[in-house]
Amino acid sequence: MTVVMTKGKAILAVTAALLVACGTEGAEQVGRDYLTAAEATTQYRAEAKKWALAPGWTWPTPPYPGVGPDGSPAVYGLDIGRVDATLYWFCSWGRLLSGATSSTVDTNSALRNVLRVDETAFYRVGLLTPDRDAFDRDVTTPARAGDLSGLATFVDDTCPATGT
Amino acid sequence: MGPSSTKAKRWSVPLSGLGVIGVIMTMTLFGAASAQAASDHTISGSTFSSSEAWYYSTNVRTKEGAGNITARFSERPKLGNGNSDLLKFAVVEVNSNVLIPGASIQYFDSSTSRTLATNVPNAKTFRNAYARYTTCNNCNHNFAGVERY
């Protein structure tokens with residue numbers, strides 16, 4: 001058993017050494033590393049436990065099948081699970097707030113959550129500086145002033161229609 | 001020189017003032033348009049190791065203005081003989097990691113610009129996914145270029 005584990009570790013070490021991976025493609029470089037599909041899934045679920053979705057929303061299956069758009073194997077960037085989970089969380093509150101037409105919706109609570117987006121990995125890690133500036137300009141700054149049109153556009157273009 | 005003195009000078013000399021007005025109007029129009037217009041973004045990185053596996057970026061990008069997303073690469077992963085390999089590149093949904101509507105996988109074999117997605121709405125978010133085409137051990141996996149969105 002000991003021998004098998006040692007071999008396994010050796011194989012993993014060699015594999016890891018061979019699989020020198022990947023930088024992000026923005027202006028910054030976050031290092032040469034990656035997550036497997038299983039690791040990204042685990043990270044997503046761990047992050048999801050930290051955020052309460054809007055009423056009526058449930059967490060989806062993390063979107064990491066481990067294959068690319070042509071069916072070839074795929075790996076994922078560091079923090080992708082954290083980024084995606086918090087974007088989904090933002091979507092839930094953004095969708096609720098931008099579509100709020102009923103007095104049963106606590107718009108103040110929804111707005112408070114929407115404006116917490118700057119605490120999220122989606123905002124802090126996922127958005128590069130120019131995209132973050134555009135997000136502030138188009139979504140959060142107008143929302144803070146009572147204009148939800150940018151938020152509505154964002155959720156319509158980016159978020160699932162429903163969270164169930 | 002503050003804004004008020006600039007304004008006073010602008011109106012005090014008719015001919016040169018017209019030029020100033022023109023510059024100011026141009027700047028104003030440019031500024032207004034740039035808030036909702038596509039622009040070039042420098043991108044660089046490395047494909048996943050020696051294999052042709054895809055790498056999904058963590059970065060979330062936002063389309064500015066409706067239209068196409070394009071890219072061109074001055075540097076692409078290398079083959080063992082030093083020639084450039086094909087670079088596979090795609091733009092995918094953030095929430096599902098599937099191709100965004102209007103997108104297709106593009107194979108970059110030169111520095112020519114190619115369209116990654118068409119008719120993308122303003123404010124649409126997406127992320128990049130990329131891979132080298134050919135397995136190549138001990139090769140350069142780097143790429144660099146410009147993505148317009």
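Student: B:T62: buried or exposed?
Tutor: B:T62 is buried, with a relative accessible area of 11%. Buried means under 20% relative accessible area, exposed means over 50%, and partly exposed lies in between, using a 1.4 Å probe and protein chains only.

Student: What kind of model is this?
Tutor: This is a predicted model, in which local features need pLDDT of at least 70 and side-chain atom pairs count only at pLDDT 80 or more, while totals for chains, interfaces and linings use all residues. Residues are numbered from 1 along each chain as its sequence is written, chains are lettered from A and ligands numbered from 1 in the order in which they are written, and side-chain values use heavy atoms, with hydrogens and water left out.

Student: Back to B:T62. Which strand is B:T62 found in?
Tutor: B:T62 is in strand β3 (residues 61-62) of chain B. Helices (H or I, at least four residues) and strands (E, at least two) are DSSP runs, numbered from the N terminus.

Student: And what does B:T62 touch?
Tutor: Leaving out residues up to four places away in sequence, B:T62 touches A:L127 and A:D131 from chain A, plus B:A123, B:K124, B:T125, B:F126 and B:Y149 from chain B. Contact means heavy atoms within 4.5 Å.

Student: OK, the interface. How many residues of chain A and chain B are in contact?
Tutor: 51 residues of chain A are in contact with 41 residues of chain B. The area buried between the two chains is about 3,500 Å², and carbon and sulfur atoms give 50% of that. Buried area is the accessible area (1.4 Å probe) that two parts lose on being put together, summed over both.

Student: How many salt bridges between chain A and chain B?
Tutor: The count between chain A and chain B is 3. A salt bridge is a side-chain nitrogen of Lys or Arg within 4 Å of a carboxyl oxygen of Asp or Glu. One of them joins the side chains of B:E64 and A:R137, at 2.9 Å from N to O.

Student: Which elements give two or more residues to the chain A side?
Tutor: On the side of chain A that touches chain B, these are β1 (21-23), β2 (74-76), α3 (80-98), α5 (121-126), α6 (129-144) and α7 (149-158) of chain A. The largest share, 6 residues, comes from α3(A).

Student: How do the residues of that side divide?
Tutor: The side of chain A that touches chain B has 30 nonpolar, 10 polar and 11 charged residues. Ala, Val, Leu, Ile, Met, Phe, Trp, Tyr, Cys and Pro count as nonpolar, Asp, Glu, Lys and Arg as charged, and the others, Gly among them, as polar.

Student: In what sense do β2(A) and β2 of chain B pair?
Tutor: β2(A) and strand β2 (residues 54-56) of chain B pair in the parallel sense over 3 bridges. A:V75 stands opposite B:Y55 there. Two strands pair if DSSP finds at least two bridges between them.

Student: Why does the A:D84 and B:R127 pair join two chains?
Tutor: The side chains of A:D84 and B:R127 meet in a salt bridge of 2.7 Å, N to O. A:D84 lies in helix α3 of chain A and B:R127 in strand β8 (residues 125-132) of chain B, so the pair joins two chains. Both A:D84 and B:R127 are buried.

Student: Which residues do salt bridges that share partners join into one network?
Tutor: A:E47, A:K50, A:D79 and A:R82. A:E47 and A:R82 meet at 3.7 Å, N to O. A:E47 lies in helix α2 (residues 37-48) of chain A and A:R82 in helix α3 of chain A, so this pair ties together parts that are 35 residues apart in sequence. A:R82 also forms a salt bridge with A:D79, with the closest N and O atoms 3.0 Å apart.

Student: A:E47 and A:R82: what relative accessibility?
Tutor: A:E47 is buried, at 5% relative accessible area. A:R82 is partly exposed at 28%, and A:D79 is partly exposed at 24%.

Student: New topic, β9 of chain B. How many of its residues are buried?
Tutor: Strand β9 (residues 142-148) of chain B is mostly covered, with 5 of its 7 residues buried. β9(B) pairs in the antiparallel sense with strand β1 (residues 40-48) of chain B over 7 bridges, where B:S46 stands opposite B:N142. Strand β4 (residues 67-75) of chain B also runs antiparallel to β9(B), joined by 5 bridges, and B:A71 stands opposite B:E147.

Student: Last one. Where is the place of B:S110?
Tutor: B:S110 is in the loop between β6 (106-108) and β7 (114-120) of chain B. B:S110 counts as partly exposed at 25% relative accessibility. Not counting residues up to four places away in sequence, B:S110 touches B:F73 and B:R76.
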